Amino acid sequence: MKYNFDELIDRNNTNAYKLELRKKVFGSDDVLPLWVADMDFRTPDFILDAIKKRCEHPVLGYTVQSDVFYDDLQKWLLNQHNWKVEKQHIGFLGGIVPGIAYAVNALTNPDEEVLVQTPVYPPFFASPMHNGRKVLYNQLIERNGRYEMDFDGLESLITDKTKLMILCNPHNPGGRVWDRESLMKIARICVKHGIIVVSDEIHSDMCLKGYNHIPFASISDEASSCSITFVAPTKTFNMPGLTSSAYIISNPNLRARFFDFLYRMELTTTLNPITMAATHAAYSLGDEWRKQMLDYVEANLDYVISEMAVKMPLIKPMRPQASFLLWLDFSAYGLSSDELEHKMVNEAKLALNKGTSFGLGGEQYFRMNVATPRAVLEEAIKRMESVFA
Ligand SMILES: Cc1ncc(COP(=O)(O)O)c(C=O)c1O
């Protein structure tokens, strides 16, 4: 079956975050939304059908986790990433962003430090900050059109109080699929200093052509025992409003510490019946849709990058190796972040994520979401060209 990703779907009147918050975030409703990381594509029909089918039963009562959740995830991780995970190492999590906050609270004390590599998904530093932890910022290095890790810089920041590192694997916003050697180095540094790694792998099922995701915990026994991993089908299958995710922790001591926090906070909930049906459909029926979606995203990336090369050659796109987010370097314009943001919003009428929100190193950048019908991108390029050509 051939899925249609060109369909234009009106998301008004659905409380869509990327539409409703435009006024608050950008000061205007009159901007084309290419920011929040969900897709404008139809959530696949096999997921919508599974939800409808569950709703044919007239009672949406309290629900227990069925073995299907664990079986699906175990099979998925083995088939997609060659990663064998034990059932008892898996737990349900109602969202990865909350999971980051739980990890910070469960695994560090208020006077301790958390390492992040910026520019990065904002909750990585916001969550430890909101919980009174000190954040250590290690900036990624751009080399040959992609991000690399600064291992010396990383190690020089570490003190006796550094207890946690939050790793974005693959990386958002740079779209980097981390190679085995980088992950090995992180494992070596973190084991040496007794640091626990939280590996957020929400983008892992969206590797683009030529790239394969390596789960951090799969690279060695050391990495497995010093880490906790978060995964989710929500971003890949465009159902992030359902918040379905999971943690995987092989180290029994770490698992007990994390679980103890969930237990004390009454967070050991299960999927609700709707999310449970959707999650099962995604993992058991979703692979063909996923591949076609990624082909469409790849073609969209080709389109945007080649249009920019011809019409706006001062913009330097960082081609992602995974996912649908395109990180755009505007530094060649020689403008301040405020000036760039003003032009993007008020002149081009485009809502892209401001690079400044991703922390150090994001100052001259925008993040553009290309998981949208081609016609929307054509309009975006037209608007951008009128200001940045
Ligand atoms: C790296 C990363 N982690 C987590 C999330 C969101 O996870 P959740 O919706 O499960 O809280 C996102 C969404 O963009 C993300 O990019």
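Author: Helices (DSSP runs of H or I, at least four residues) and strands (DSSP runs of E, at least two) are numbered from the N terminus. This is a predicted model, in which local features need pLDDT of at least 70 and side-chain atom pairs count only at pLDDT 80 or more, while totals for chains, interfaces and linings use all residues. Residues are numbered from 1 along each chain as its sequence is written, and side-chain values use heavy atoms, with hydrogens and water left out.

Reader: In which helix does Ser182 lie?

Author: Ser182 belongs to helix H8, which spans residues 180-193.

Reader: Is Ser182 buried or exposed?

Author: A residue is buried under 20% relative accessible area, exposed over 50%, and partly exposed in between (1.4 Å probe, protein chains only). Ser182 is buried because its relative accessible area is 9%. For contacts, the criterion is heavy atoms within 4.5 Å. Not counting residues up to four places away in sequence, Ser182 touches Met149 and Phe151.

Reader: How is the chain divided into domains?

Author: Domain bounds come from an automatic or database domain assignment. Here, domain 1 comprises 17-44 + 287-388, and domain 2 comprises 59-284. Their C-alpha centres are 26 Å apart. Across the boundary, 33 residues of domain 1 are in contact with 34 residues of domain 2.

Reader: How many residues has the largest nonpolar core?

Author: In soluble globular proteins, nonpolar side chains tend to be buried together. A nonpolar core is a set of buried Ala, Val, Leu, Ile, Met, Phe, Trp, Tyr and Cys residues joined through side-chain atoms within 4.5 Å. In this model the largest such core has 68 residues, and Phe330, Met368 and Met384 have the most contacts inside it. Helix H12 (residues 287-311) gives the most to this core, contributing nine residues. At least three residues of the core come from each of domain 1 (17-44 + 287-388) and domain 2 (59-284). Another core, of 29 residues, lies apart from it and includes Val104, Val120, Phe125 and Ile202.

Reader: Which residues is Met368 in contact with, leaving aside its neighbours within four places in sequence?

Author: The contacts of Met368 include Leu34, Val304, Met308, Phe324 and Met384.

Reader: How many residues of helix H6 are buried?

Author: Helix H6 (residues 123-130) is mostly covered, with six of its eight residues buried. These are Pro123, Phe124, Phe125, Ala126, Ser127 and Pro128. They pack against H5 and against strands E3 (113-118), E4 (134-139), E7 (162-168) and E8 (196-200). Just after H6, Gly132 has a positive phi of about 75 degrees.

Reader: Where is Asn105 found?

Author: Asn105 is in helix H5, residues 96-107. Asn105 is classed as partly exposed because its relative accessible area is 27%. Leaving aside neighbours within four places in sequence, Asn105 is in contact with Asn131, Arg133 and Phe261. From C-alpha to C-alpha, Asn105 and Lys84 are 28 Å apart in space, and they are 21 residues apart in sequence.

Reader: How many salt bridges does the structure hold?

Author: Side chains of opposite charge can pair when their charged atoms come close. A salt bridge is counted for a side-chain nitrogen of Lys or Arg within 4 Å of a carboxyl oxygen of Asp or Glu. The structure holds 26 of them. Glu148 takes part in two pairings: with Arg143, the closest N and O atoms are 2.6 Å apart, and with Arg146, the corresponding separation is 3.2 Å. Glu148 counts as buried because its relative accessibility is 15%.

Reader: Where do Lys343 and Glu347 lie?

Author: An α-helix has 3.6 residues a turn, so residues three or four places apart point the same way. Lys343 and Glu347 both lie in helix H13 (residues 337-347), four residues apart, which is about one turn of the helix. Their salt bridge has its closest N and O atoms 3.5 Å apart. Lys343 is partly exposed at 25% relative accessible area, as is Glu347 at 42%. Elsewhere, salt bridges that share partners join Arg11, Lys18, Asp38 and Asp40 into one network.

Reader: Which residues form a nonpolar patch on the surface?

Author: Patches are made of residues with over 30% relative accessible area and no salt bridge; like charges are joined within 9 Å, and nonpolar side chains (Val, Leu, Ile, Met, Phe, Trp, Tyr) within 5 Å. Accessible areas come from the Shrake-Rupley method with a 1.4 Å probe, and for residues only the protein chains shown count as cover. Met129, Tyr137 and Leu360 form such a nonpolar patch, with about 270 Å² of accessible area together. Leu360 sits in the loop between strand E14 (353-354) and strand E15 (365-369). Leu360 counts as partly exposed because its relative accessibility is 43%.
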